Amino acid sequence: MNRRDLLSGVASIPTIAMAQHGHANKGAVRTFEPKNEPPRVRKSFYDLNDEELRNLCRAIGYMRSELPLEHPLQWDNYAKIHALHCTEPSTSHPPVHWSWHFLPWHKGYLFFLERILANILTTVYKIDGSKFALPYWDWISHKGMPNTKIRESAGISSPFFGYDILQENMVTIDNLGFDNSALFDGNRGPTISKSAMDPANELTQDSKDHVNETLKYMSPRYIMSMLAVPFDQFGGKSVVDRKTGQGLLEQGPHNNGHDWIGTRIGKNRTMGTLRSAAADPMFYMHHANIDRIWTFYTLPQPDPNGEYGKQTYDFYDVDGSLVRMSVKDIITSINNVTYAPGQIDLSVPLKVNHNTMWRTVNVGKELYDKPLSIAVPENMLSSSMTLLDIDLGAIKYTGKYNIKIVAGDKIIGKISMMDGDHRKHNTDDMTHSFSVMVLGSVKTTDIVLLPPANGNQKMFIKSIRYKSY
Ligand code: C2O
């Protein structure tokens, strides 16, 4: 099949008007109910066979380079939906980070992309799309830009750097019958020769520290421990009571994964800012792994029949039309997606004592330009696993920041986040919490918060709650 044949396939995905793209006509949005969805088993990227990889490149490449710019499913337009929900949120696009909305919204976003890609395979490439599933980047066992086992053992580089980097012209005349650069993004930190998540690949001490921290967050021990904490701390807090907060899954492996891919020499590139993150195909493989980890969570979750389930979101369906799903629908009716096991088994929950009490240390101090030292009980971090919740006042700073938390002579965690414009609307009655999970006992009588090197924002620290396991 050549490119001209492919282009003739555009007709099978109707082009729709821009007005719909701007969500001008909210009333016309149809409620989406999954019906007869084919079972889709998402595999680790590592386990894809050559044909599965080619199909992924075909379908993504089609959205990236064959659909006209005004088509709502054109790749960058699809990525824009994500930006609208984070760096430019509004009533029609509520924020989907930093709270309990994080997991369900991204689950829906992946579900629709997968349907769209499958439909492109069926209608444009005449390949059975019902067999298609998005792969996941299993960073618990693959610390680097993902590659398939088949290619890796043949000494071929990750297709995220180009399906065949030996082709003379990566973009137009590739002889492959599909977009050679379908999975490529030019603004990543990792390069073909430094594609592993390894501090030795980093130039500055700061980025070496960041990689070490990322490796910790992505370790089996950290993931298993995270799966043993309450949902508020695992998946994010309720927005109903004006107390919001990222879960450990979002703040740790998720944010660090974004930064590892998208931050280079101190600058935020595609994956490094929520504004453009979804334009890098890595985004969807990263989020598939986040979603997969959620499937291993066995403790109580917020009730989908309550406030949690009411929030609705608009997505694009296979024909570019807008469809609406509530959090409840996303959680209860997307049942066709499952995950093939990765290399490490996450299915046996860690045995911990869930019945320990939360205790509180009141703080009531401002963190600004000097380290803030907080006296804490001597035995606070004496267990092998301690969960901290740091409650802060309103945060109006919209950029990224990173506050290191030190106990004894160890960095035990951080208060950090990716960018998000909704924070500038925060009011003083809001509380934000940051969770920190400390693994291994630390002997200390104080906890020190280090102000961000580049920051000039004040932060009011209300209290620290802790729970020892
Ligand atoms: Cu919506 Cu990984 O961010």
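Hi everyone, let's begin with strand β11, residues 385-392, which is mostly covered: 8 of its 8 residues are buried. Buried here means under 20% relative accessible area, with a 1.4 Å probe and protein chains only. Strands are DSSP runs of E, at least two residues long, and helices are runs of H or I of at least four, both numbered from the N terminus.

Before I go on, this is a predicted model, where local features need pLDDT of at least 70, side-chain atom pairs count only at pLDDT 80 or more, and totals for chains, interfaces and linings use all residues. Residues are numbered from 1 along each chain as its sequence is written, and side-chain values use heavy atoms, leaving out hydrogens and water.

Back to β11. In a regular strand the side chains alternate between the two faces of the sheet. Here Met385, Leu387, Asp389 and Asp391 lie on one side, Thr386, Leu388, Ile390 and Leu392 on the other, and all are buried. Which strands pair with β11? One is β14, residues 431-439, joined to β11 by 8 antiparallel bridges; there, Asp389 stands opposite Ser435. Another is β16, residues 459-468, also antiparallel, over 7 bridges, with Leu388 opposite Tyr466. For pairing, DSSP must find at least two bridges between two strands.

Next, a hairpin. β12 and β13 have 2 residues between them, and Gly408 in the turn has a positive phi of about 60 degrees. The two strands run antiparallel with 7 bridges, and Ile403 faces Ile415 of β13. Strand β13, residues 410-417, is largely enclosed by the rest of the structure, because 6 of its 8 residues are buried.

Now an open sheet of 3 strands, in the order β1-β7-β6, with mixed pairing. Its edge strands are β1 (30-31) and β6 (312-316), each pairing on one side only. β6 and β7 (residues 322-326) are antiparallel over 5 bridges. Helix α5, residues 102-123, packs on this sheet and touches β6 and β7; contact means heavy atoms within 4.5 Å.

Finally, how do α3 and α5 pack? Helix α3, residues 50-66, meets α5 at an angle of about 100 degrees, with axes 9 Å apart. That makes α3 roughly perpendicular to α5, a label for angles of 65 to 115 degrees. Axes are lines fitted to C-alpha atoms, for helices over the stretch in contact, and angles run from 0 to 180 degrees between N-to-C directions. Residues making the contact include Tyr62 and Met63 of α3 and Leu113 and Ile116 of α5.

Technical notes
Buried means under 20% relative accessible area, exposed over 50%, partly exposed in between (1.4 Å probe, protein chains only). Angles under 35 degrees count as roughly parallel, over 145 as roughly antiparallel, 65 to 115 as roughly perpendicular and the rest as oblique.
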